[in-house]
Amino acid sequence: MRTLASLLIPLLTTGVQDAPKPLFRAAPFEVAGAADASLESVPRHAVRTTSGSPEKNWIIEVNGGGLLLGDFDGEGSIDLLLVEGSTVERVAEDLPGEPPRVFLNDGAGDFRLAGGAWEIAAGRWGTGGALGDVNGDGTLDAVVLEWGPDRLLINDGGKGFVERTKDSGLGTGGWSTSAAFLDADQDGVLDLFVVRYLEFDFATIPSRASRECVWKGHPVMCGPEGLTPSADAFYRGNGDGTFHDASDTFGLGAVEPGYGLGVVTVDIDRDGRTDLYVSNDSTPNHLWRNLGEGKFEEVGLALGVALDANGREQAGMGIAVGDADGDGHADLFVTNFSGEHNAFYRSSTRGARVRYSDRSHASRLAGPSVPRLGWGTQMADFDQDGELDLVVINGHVYPQAGAPGTDTMYAQPAQVFAGRGAGRFDEHPSAFGAAPPIVGRASAFADLDGDGDLDGFAIEVDGAVWRYENVGASGHALLVELGSVRSLGARVEVWVQERAWWREVSTAGGFQSALPASAHFGIGAAQKVDRVRIQWPSGAVSEVLDVPVRRGFARVRIEEPAVSKEEPR
Amino acid sequence: MSSRVLSTAVLVLALLCLPTELSNAALQSGARPGGVALELPEVLRQRPQDFPSAQPERWARFFDPAAQAEIGATLAPGVLDGMRIAESAYAQELFLVGLEALHSVLLVEPDFPPAWLVAGATYWRLRRYGDALYAYDRFLAVAPDQIARTHGRGHALYTLGRYLEAKEHYLAVLEHTDQSAQIRLGLALAELRLGESEAALKHLDQVLEGAPDDAEALAWRAQMLFDLGHTAEALEGARRAAQHSPGDPRPVWIAMEALFELGRDDEAQREEKRWRVLERSAADRRAIEGRLLLHPRQPHLARQLVENAVATKDVGLIGAALGRLRASTSPGESALSACVLAVETWLGLGAQDEARRAALDMERRCASEPAAWQRLAVYWAALGDLERAERAQQRYRDLGPP
């Protein structure tokens with residue numbers, strides 16, 4: 001007779017074998033001390049951010065800070081610029097908030113807090129930012145966004161940041177959230193689009209204590225509904241590291257402002273001009289089609305990306321972009337509020353033009369998002385099987401979430417949706433292993449440890465910065481780095497045997513974040529990439545053939561050629 | 001005692017068709033300043049999980065008529081009265097009152113099956129979908145063979161985004177019940193959300209076989225056709241749905257989407273303008289309904305709902321709003337003004353049948369009000385019923401001028 005144990009053990013073993021391997025190992029982001037300290041002797045400490053009080057009495061305290069990923073010191077690895085907020089008390093006393101911090105990467109994924117010339121003065125209340133080479137000197141500059149004047153940080157040859165806000169043409173006030181660099185007018189100089197949220201003033205907006213604002217029966221902080229949305233802004237680059245406000249020429253006055261939170265750059269109609277997609281909280285999302293010469297028109301409703309499938313506005317937070325169905329056109333994904341679904345706008349050319357429709361349900365992305373409130377998101381091939389996946393960082397805005405009848409929670413698990421091709425996804429059942437739920441906000445993913453797969457950071461509001469190390473990528477990878485200020489908007493195409501993929505180079509990270517100007521491809525088990533082709537925004541074309549994949553990873557750096565110019569796209 | 005238990009079973013049966021709306025899932029996504037916070041009622045601070053199970057096996061034969069006398073004899077005092085209050089409150093949309101009554105029942109009979117079933121429907125109407133699901137699960141835990149009564153569980157799962165479970169539940173319910181358009185509609189929507197548009201279309205067509213003018217089903221059908229790439233058919237379907245429900249922005253939205261897809265931009269932009277007006281009106285309606293959810297007896301809000309509906313000229317919306325106003329008024333002056341508004345609204349729209357029904361209702365509700373009869377004489381005359389007009393005039397004289 002078989003014993004009970006002999007019956008149970010195979011069942012247990014089977015269960016273990018069937019449990020999917022986590023894709024990411026999650027841990028609080030820990031660093032050693034400042035650059036001049038002895039790394040061996042300085043204890044490591046977890047990095048945390050500030051965003052008001054845990055009670056969240058005001059909407060300004062809710063959205064958290066920003067994560068900007070790029071190679072600041074030019075040493076070939078991805079560094080971090082962390083932007084964070086302040087407290088109500090500091091603002092009341094007219095004191096600055098927490099300063100942005102730079103963490104430099106040693107190349108193997110070990111970060112240290114950078115001191116000296118990398119130290120940045122505090123602003124009023126930091127939110128997000130954008131990265132780009134605004135003066136064409138080959139180093140990565142930054143714009144740090146604030147509730148307060150936005151700031152321009154010029155990279156001093158990879159040795160530190162120098163603040164050049166004064167006379168930069170930026171610096172108007174308001175509550176900025178996300179921004180994107182792009183060469184909108186194709187003059188070889190980066191322009192800047194800044195997304196703004198709402199007119200915030202402690203003196204006029206009631207606090208939670210006023211009990212004027214209620215969510216599902218629970219008094220909560222007020223907004224955004226009922227508050228005045230702020231207009232976004234567009235600045236044209238002058239080429240010398242300064243800008244001028246060109247919002248009127250852009251066409252911003254033609255639309256009602258929304259409560260802007262996120263932005264991505266993408267050439268929607270493949271006309272060679274970079275368009276902009278902006279997620280707006282509780283107001284229709286905007287799609288700005290680039291008409292050339294710095295002029296844009298808003299076509300969100302006409303192209304089907306302003307509202308959900310029922311014609312309802314959603315609480316747009318973060319945005320991810322990528323060609324999830326392999327049809328050559330970008331698809332868009334927007335994270336939303338609990339009780340809503342995250343929206344997956346799939347492109348289609350079946351009609352008279354490239355158009356989008358909300359295919360969140362058919363893509364299997366909608367249902368699992370309903371109880372969650374999503375923020376940071378990114379579309380990339382995290383498992384490197386050749387299909388684009390989605391990562392979504394979740395966390396509610398109200399600490400009252402979880403109270404009776406709310407059907408949601410304040411801290412929520414992050415999610416990964418594995419791409420299955422043809423625009424379909426399946427939620428990874430244990431993408432982050434045993435990581436606890438967090439009140440997540442901004443996120444950014446890139447190859448942090450130089451092994452070719454995509455790792456990431458996420459901000460937990462009132463908590464740690466979380467680091468996600470990719471431990472589950474099963475396929476091989478190709479990383480294409482473009483060595484030019486004019487790389488933003490470049491289309492990178494890759495062929496491996498009968499398969500082809502493409503990416504559009506952008507540093508806009510979707511929500512209060514920025515990403516490296518590179519293109520990452522999962523290529524499955526391939527040992528060689530047959531062809532890499534770069535279509536530069538200038539019209540120039542680069543091509544590299546037969547890239548070998550060694551130890552599961554290939555990395556190519558391509559400079560923009562002066563010749564071999566093709567017809568403009 | 002058995003007859004009392006049977007009356008409870010009848011009550012339960014009467015509630016089976018509820019809830020029926022799957023489209024009220026819009027949740028407030030933000031908090032707007034300018035209002036005055038209402039304290040969360042105590043009854044909503046409690047969770048259904050606060051009523052732990054005890055002796056669930058007691059109810060194993062609750063729905064067996066042969067066992068009801070025996071079960072009825074053991075019921076705790078107050079249980080049936082509590083259920084009657086809950087039933088009445090549900091019918092009047094006084095959901096908080098109903099929930100309080102159900103809680104009082106569950107305190108003394110923690111697994112009483114009808115209480116959990118009605119609680120499921122009540123939580124659903126209160127938009128507490130997780131609680132509704134829990135209540136239905138507690139019902140099925142003690143009455144697993146009564147799955148046919150729990151299509152509301154499918155609605156709760158659907159609203160929580162658990163579409164596969166919703167679909168499976170609807171299918172299980174359909175195995176135990178004859179036919180129900182609402183269940184098939186729920187099944188079709190769950191399938192749509194799962195990307196199974198072909199199956200969804202099949203089930204929706206079954207709904208429309210029984211009710212070919214069902215505007216909601218027509219709109220969903222148009223949506224499904226659009227998703228499947230049958231754009232021209234989707235446009236035609238959307239326009240048909242809009243005819244049957246002119247106050248609903250959704251069919252106009254689908255028509256706009258289809259026209260943009262077809263490259264007919266000028267027409268699409270005309271539909272867009274129409275949609276914007278309707279959507280603004282629908283948003284106002286949703287806001288008022290949200291404010292009426294916990295405190296439905298607010299005639300001024302119900303009156304705003306009527307004004308909103310009249311502006312759309314949508315007979316279905318107007319009827320629902322007038323019904324809401326009627327329910328929010330009590331006998332006396334406010335009831336009279338509600339009746340007057342109903343009759344005059346329908347007369348103004350030239351809807352003779354509806355005006356006649358409203359006048360008859362006014363005769364019943366306001367029989368003791370001289371002013372009502374004075375007005376009714378005019379209304380009946382306008383409706384061409386001179387006999388009733390004369391009788392109304394006589395009642396007015398009998399009662400004496402106010």
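Mentor: Two strands are said to pair if DSSP finds at least two bridges between them. Please also keep in mind that this is a predicted model.

Trainee: In what sense do β24(A) and β25(A) pair, and over how many bridges?

Mentor: β24(A) and β25(A) are antiparallel and are joined over four bridges. Within that pairing, S348(A) has R355(A) of β25(A) as its bridge partner.

Trainee: Which other strand pairs with β24(A)?

Mentor: Strand β23 of chain A, residues 331–334, pairs with β24(A) over three bridges, again in the antiparallel sense. There, V334(A) stands opposite A343(A) of β24(A).

Trainee: Why is β24 of chain A described as largely enclosed?

Mentor: The strand covers residues 343–348, and five of its six residues are buried, so the rest of the structure largely encloses it. R346(A), however, is partly exposed, at a relative accessible area of 27%. The limits that matter here are under 20% for buried and over 50% for exposed, so a value in between counts as partly exposed.

Trainee: What does the side chain of R346(A) meet in a salt bridge?

Mentor: It meets the side chain of D325(A), with an N to O distance of 2.7 Å. D325(A) is in the loop between β22 (319–322) and β23 of chain A, whereas R346(A) is in strand β24, so this pair ties together parts 21 residues apart in sequence. D325(A) counts as buried, at 15% relative accessibility.

Trainee: Let us move to β28 of chain A. How many of its residues are buried?

Mentor: Six of the seven residues in β28(A), which spans 415–421, are buried, so this strand too is largely enclosed by the rest of the structure.

Trainee: Which strands pair with β28(A)?

Mentor: Strand β27 of chain A (residues 389–394) runs antiparallel to β28(A) and is joined to it by three bridges. V391(A) stands opposite V416(A) in that pair. Strand β29 of chain A (residues 424–427) is also antiparallel to β28(A), over four bridges. In this second pair, G421(A) stands opposite R424(A).

Trainee: What lies between β28(A) and β29(A)?

Mentor: The two strands form a hairpin with two residues between them, and A422(A) takes a positive phi near 55° there.

Trainee: Now the interface. How many residues of chain A are in contact with chain B?

Mentor: There are 53 residues of chain A in contact with 52 residues of chain B. The two chains bury about 4,000 Å² between them, and 48% of that is on carbon and sulfur atoms.

Trainee: How many salt bridges are there between chain A and chain B?

Mentor: The count is three. One of them joins E257(B) and R355(A), at 2.8 Å from N to O. Another brings together the side chains of E261(B) and R355(A), at 3.4 Å from N to O.

Trainee: What does the secondary structure of chain B come to?

Mentor: Chain B has 21 helices and zero strands. Of its 402 residues, 52% are buried.

Trainee: Is T312(B) buried or exposed?

Mentor: T312(B) is buried, with a relative accessible area of 12%. It belongs to helix α16 of chain B, residues 299–312. Apart from neighbours within four places in sequence, T312(B) is in contact with P246(B), G247(B), S281(B), R285(B) and L317(B).

Trainee: Where is D145(B) found?

Mentor: D145(B) is in the loop between α7 (129–142) and α8 (151–159) of chain B. Its relative accessible area is 54%, and D145(B) is therefore exposed.

Trainee: Lastly, which residues of chain B are linked in a network of salt bridges?

Mentor: The network links R356(B), E363(B), D385(B) and R388(B). Over all chains, the whole structure has 48 salt bridges.

Technical notes: Residues numbered from 1 in each chain as written. Chains lettered and ligands numbered in written order. Predicted model: local features only at pLDDT ≥ 70, side-chain atom pairs only at ≥ 80, totals over all residues. Heavy atoms only, no water. Contact = heavy atoms within 4.5 Å. Buried area = accessible area lost by both parts, 1.4 Å probe. Salt bridge = Lys/Arg side-chain N within 4 Å of Asp/Glu carboxyl O. Buried < 20%, exposed > 50% of the residue type's maximum accessible area, 1.4 Å probe, protein only.
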